Amino acid sequence: MTTHAPTQAPTQAPTHVPAYASPADVAAHGPYGPGRTDRPGPLYPFQGRITAGGSGEHPAEPGRYHLYVSYTCPWAQRVAIVRDLAGLRDVVSLSYVDDDRDARGWAFRERRGPDPVNGFTLLSEAYDATEPGYPGHISVPVVWDRRTNRIVSNDYAVIPFDLGTAFDEWAGSGLDLYPADLRDEIEALDEEIARDVSQGVNLVARASSQEEYERRREQVTAALDRLDARLAGRRYLFGDRLTESDVQLWVVLVRFDLLHNPLAGISERPLTGYPNLWAYARDLYGVPAFRETTDFAAFRVPGRPASSGDGPVRIEVAPHEADWHEPHGREALTGEHV
């Protein structure tokens, strides 16, 4: 009599379950900021540099570095756009933290996906892995080194420069966002944009007196007028060449009508009221590196900053929905193909 072994179900490979943080809960954990952003010392203490040519502590290498970014943060989006424009999608990996924070800081949740490198649930784990017991600000963007398992940099101002200059031999058809003949001018304009626009909109929101509020918002609106005039006869800030300065300006413009202006009360005039800036912003939105790193749903107005009885009286500005797919009409202005 022939016997047969019992039939066994095929062995299933174990399914990897992504690790996620619990939902942001300010009531349970407290708001983000106190005890983190108000500590003495540098706010962005990790300032390693990625260098070209195999030199330095962090030489440029394909596949070695990972970027942690956020859809909400303009400085993080600036890094994501530069990475794409420089042709580094297959060279430097990238992932997003969740939009919401409580006192635990940035986290990985199902909406934006898990941490694909370390399986962290909180970005603070990357900081603690680099400096055990790290007590300071948990910020994005972050450059993570897969080889040393440490943060290289959270210095948002210089990360774009390293991405745009250190990986040239792997950049393929990527753009040169820091052309050598324009670097001094780019640096000067970047400083102006950072002072008067990028940081300016936040300074308006934080103004504690009427005099400071009026002065700060005048600084921003005057800068927008200057930049609108500059773009009247040129496609980009430096004529026919797209540079990193365009990226730095654009990440503020794309948030102006939905976030910065309603939050801070900067101007009765929306971005759509600046004819050249608005057409320029739509022109760049047509470029995949700008459009694909943008999620308008992340530009929520969290509420006006709290003020005491003697705080500034701000103008009321409602969030303004605009048609970013409206034709921009700037084709007649010559510019490099993106």
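In H9, I list Asn-276, Leu-277, Trp-278, Ala-279, Tyr-280, Ala-281, Arg-282, Asp-283, Leu-284 and Tyr-285 as buried (under 20% relative accessible area, with exposed over 50% and partly exposed in between; 1.4 Å probe, protein chains only). The model is predicted: local features need pLDDT of at least 70, side-chain atom pairs count only at pLDDT 80 or more, and totals for chains, interfaces and linings use all residues. Residues are numbered from 1 along each chain as its sequence is written, and side-chain values use heavy atoms, with hydrogens and water left out.

**Entry: H9 and its cover**

I noted that 10 of the 11 residues of H9 are buried, so this helix is largely enclosed by the rest of the structure. The cover over its buried residues includes H7, helix H8 (244–264) and helix H10 (288–291). Helices (H or I, at least four residues) and strands (E, at least two) are DSSP runs, numbered from the N terminus.

**Entry: H7 against H9**

I looked up the packing of helix H7 (residues 210–230) on helix H9 (residues 275–285): the angle is about 70 degrees and the axes are 7 Å apart. Axes are lines fitted to C-alpha atoms, for helices over the stretch in contact, and angles run from 0 to 180 degrees between N-to-C directions. H7 and H9 are therefore roughly perpendicular to each other (65 to 115 degrees; under 35 counts as roughly parallel, over 145 as roughly antiparallel, the rest as oblique). H7 contributes Leu-224, Leu-227 and Asp-228 to the contact, and H9 contributes Pro-275, Asn-276 and Leu-277; contact means heavy atoms within 4.5 Å. By class I have 4 nonpolar, 1 polar and 1 charged residue here. Ala, Val, Leu, Ile, Met, Phe, Trp, Tyr, Cys and Pro count as nonpolar, Asp, Glu, Lys and Arg as charged, and the others, Gly among them, as polar.

**Entry: H5 against H7**

Helix H5 (residues 183–198) packs on H7 at an angle of about 140 degrees, with the axes 9 Å apart. That makes H5 oblique to H7. On the H5 side I found Leu-189, Glu-192, Arg-195, Asp-196 and Val-197, and on the H7 side Gln-219, Val-220, Ala-223, Arg-226, Leu-227 and Arg-230. The contact of H5 with H7 has 5 nonpolar, 1 polar and 5 charged residues.

**Entry: the sheet**

I traced an open sheet of 4 strands in the order S4-S3-S5-S6, with mixed pairing; two strands pair if DSSP finds at least two bridges between them. S4 and strand S6 (150–153) stand at the edges with a single partner strand each, so one side of each lacks a neighbour in the sheet. Strand S3 (residues 65–69) and S5 run antiparallel and are joined by 4 bridges. Leu-67 has Val-143 of S5 as its bridge partner.

**Entry: Asp-145**

Asp-145 is in strand S5 (residues 142–145) and is buried, with a relative accessible area of 0%. Its side chain makes a polar contact with the side chain of Thr-148 (3.3 Å). A polar contact is a pair of N or O atoms within 3.5 Å; within protein, one must be able to donate a hydrogen and the other to accept it, and residues adjacent in sequence count only if both atoms are side-chain atoms. A polar atom of the Asp-145 side chain lies 2.8 Å from the backbone nitrogen of Arg-147.

**Entry: Arg-112**

I placed Arg-112 in the loop between strand S4 (93–96) and helix H3 (124–130). The side chains of Arg-112 and Asp-99 make a polar contact (2.9 Å).
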